[in-house]
Amino acid sequence: MRGSGQPTDTTADDRPALRIQTVDPRLYNADLAPIEHDQRSWGWFAVFNVWSNVVQSLFMYTLAASFFVTSGLNGWAVFGAIAVAGLIIMVLVNLSGRPSIRYGVPYPVMARASMGVRGANVPAMCRGIVAVFWYGAQTYIASTAIALLLNSLLGIDDSRAATTLGLTPVGWIALVFVWSFQMVLFWNGIDAIRRYLNWAAPMIYAVMLVLMVLLWAKAGNGLFNELGSIFQGESKTGGGVAAFMAIVGTMIASYAPIILNYGDFTRYVGRESDMRLGNLLGLPISIALFAFMALFITAGTAVVFGERLTSPTEIIGRVDNLVLTVVAALTFFAATVGINLVANFVPPANDLSNLLPSRISFRLGGLVAAGVAFFVAAFWVTVISHLGIDKFVDTLGAVLAPAYGILIADYYLVKRGRLDLQQLFSTNTDGAYFYEGGWNRKALLIFVASAVLSVVAVWLPALDVLAGFDWLLGALIGGGGYWLSMRRPRL
């Protein structure tokens, strides 16, 4: 039966042999090829730093701090919700990361097993489009940190300067610098990205600690009184189970784009134990630690400035310390670039390469994605940010939920963790993953139907109560529907 997926040859330790005998150039290039186990350089520390750069972004800080201020729950309940979300995310990425550790291929190639060798381009390109838009947006956000740095060092106040497309001359210099910096990192390969992430993550923690100490020194014992107030909770309105679940769902939804294509990174990890350790330290533990730091700093701002501030840039501006401003601007820049490379750059490079492997390499795919993203960043202030593009991208993100469910159901329930690696690169009509003309129509039908339900959950106001769980529901519906459809042999 085609589509069942037979086991590949395995080595003595039950790891599959990753050498491919023959390939179809329409499905293969060196960047999509499986990475041999002995050629992988990522250990648990690299995996941990992938997540650290995601957790420690400006967006995630503001999100965590706002939970303590606006949820209506006491601090312990907020911590509990954040910890539960971290554990759920860890389980999800352990599931999606394991297949690529075993077979050494990126997400779009892994998706061929369920969607067909050609049908895999559908979810892959949806993921790529989401990433390109957010890559442009995050590039602009990172440029604001560099602009702050330049203005602080040069003593410039360009708030009244003439603008082009909403950006001042300093803003344009910062934007071009950030775009070029990211391209240099990318062009030097995945190991350069790994080294950058390994450096950026500890620096972010260091700056957060400095900020904590400065606010503590200014706040004195009043800091602990404010912490006690937050932990006690000031209002029960909106609290309870609904608020707890809303925090959990919002946190999961924030990490959803990386959950699907986590295999793009785990293919560089040598052992599954390293992935699991890195995920444990980088997700539930790192998320909880970072949430505590956000809480501590937020309490400090309430004492020092008379209000609970949740924006890191606003906090730095209030501290009025040039050295801290410079260091913080560089750190925020590093953090935003880190999450951009992880969540929004590597995925579209692989997805575009998978579209036309014989013509588009990983580097060329990244260059095309970066080129489009530059225009997104350049027009972000005056045009794109006013078009409701975030809702558009959220819609595409909801489309990706069933793709995750199908990937997991196919690998673990249908294929039982065994794939024919050779057939992932074959257009032979009798191939295991060729299905009907390269498309698994059952999988695509389930994908489309489940995606429609996920999108409805995004746009229908009555379902706002799901607060991010629409992604999990879409994944469950997609995965369950796929499993049921593939249980019976095709005629």
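**Close-up views of a predicted helical model**

**View 1. Helices α7 and α8 pack against each other.** The axes of α7 and helix α8 (residues 190-219) are 6 Å apart and meet at an angle of about 120°. Axes here are lines fitted to C-alpha atoms, for helices over the stretch in contact, and angles run from 0 to 180 degrees between N-to-C directions. That angle makes α7 oblique to α8. Angles under 35 degrees count as roughly parallel, over 145 as roughly antiparallel, 65 to 115 as roughly perpendicular, and the rest as oblique. From α7, Phe181, Leu185 and Phe186 meet Ala192, Ile193 and Tyr196 of α8. The residues of this contact of α7 with α8 are six nonpolar, no polar and no charged. Ala, Val, Leu, Ile, Met, Phe, Trp, Tyr, Cys and Pro count as nonpolar, Asp, Glu, Lys and Arg as charged, and the others, Gly among them, as polar. Contact means heavy atoms within 4.5 Å.

**How to read the views.** This is a predicted model, in which local features need pLDDT of at least 70 and side-chain atom pairs count only at pLDDT 80 or more, while totals for chains, interfaces and linings use all residues. Residues are numbered from 1 along each chain as its sequence is written, and side-chain values use heavy atoms, with hydrogens and water left out. Helices (H or I, at least four residues) and strands (E, at least two) are DSSP runs, numbered from the N terminus.

**View 2. Ala219 lies in helix α8.** Ala219 counts as buried because its relative accessibility is 12%. Buried means under 20% relative accessible area, exposed over 50%, and partly exposed in between (1.4 Å probe, protein chains only). Ala219 touches Val303 and Val304, not counting residues up to four places away in sequence. Ala219 and Ala302 are 83 residues apart in sequence, yet 8.9 Å apart in space, C-alpha to C-alpha.

**View 3. Helix α10 (residues 241-260) bends at Ser254.** The bend is about 40°, and Pro257 follows within four residues. A bend is the angle between axes fitted to the seven residues ending at a residue and the seven starting there. α10 has 20 residues and reaches 28 Å from its first C-alpha to its last, close to the 28 Å expected at 1.5 Å a residue. The expected span is 1.5 Å times one less than the number of residues. Among the buried residues of α10 are Ala243, Ile247, Met251 and Tyr255.

**View 4. Helix α10 packs against helix α18 (residues 469-486).** Their axes are 7 Å apart, at an angle of about 60°. α10 and α18 are therefore oblique to each other. Met245, Val248, Gly249, Ile252, Ala256 and Ile259 in α10 meet Phe469, Trp471 and Leu472 in α18. The contact of α10 with α18 has eight nonpolar residues, one polar and no charged.

**View 5. Helix α15 spans residues 362-378.** Its 17 residues should span 24 Å at 1.5 Å a residue, and the end C-alpha atoms are 24 Å apart, which agrees. Buried residues of α15 include Phe362, Gly365, Gly366, Ala369 and Val376. The buried residues of α15 pack against α6 (121-154), α7 (169-187) and α14 (322-355).

**View 6. Helix α2 covers residues 58-70.** Its 13 residues reach 18 Å from first C-alpha to last, close to the 18 Å expected at 1.5 Å a residue. Leu58, Met60, Tyr61, Leu63, Ala64, Ala65, Phe67 and Phe68 are buried in α2. Gly72 follows α2, with a positive phi near 85°.

**View 7. Arg416 and Tyr435 lie in the loop between α16 and α17.** Most residues other than glycine have a negative phi. Phi of Arg416 is positive, near 60°. Tyr435 also has a positive phi, near 50°. Arg416 is exposed, at 66% relative accessibility. Tyr435 is buried, with a relative accessible area of 1%.

**View 8. Thr427 sits in the loop between α16 and α17.** Thr427 counts as buried, at 15% relative accessibility. Leaving aside neighbours within four places in sequence, Thr427 is in contact with Asp24, Arg26, Leu27, Arg118 and Phe434. Thr427 and Gly437 are 10 residues apart in sequence and 8.5 Å apart in space, C-alpha to C-alpha.

**View 9. Ser450 is found in helix α17.** Ser450 is buried, with a relative accessible area of 4%. Beyond its neighbours within four places in sequence, Ser450 is in contact with Pro402, Gly474, Ile477 and Gly478.
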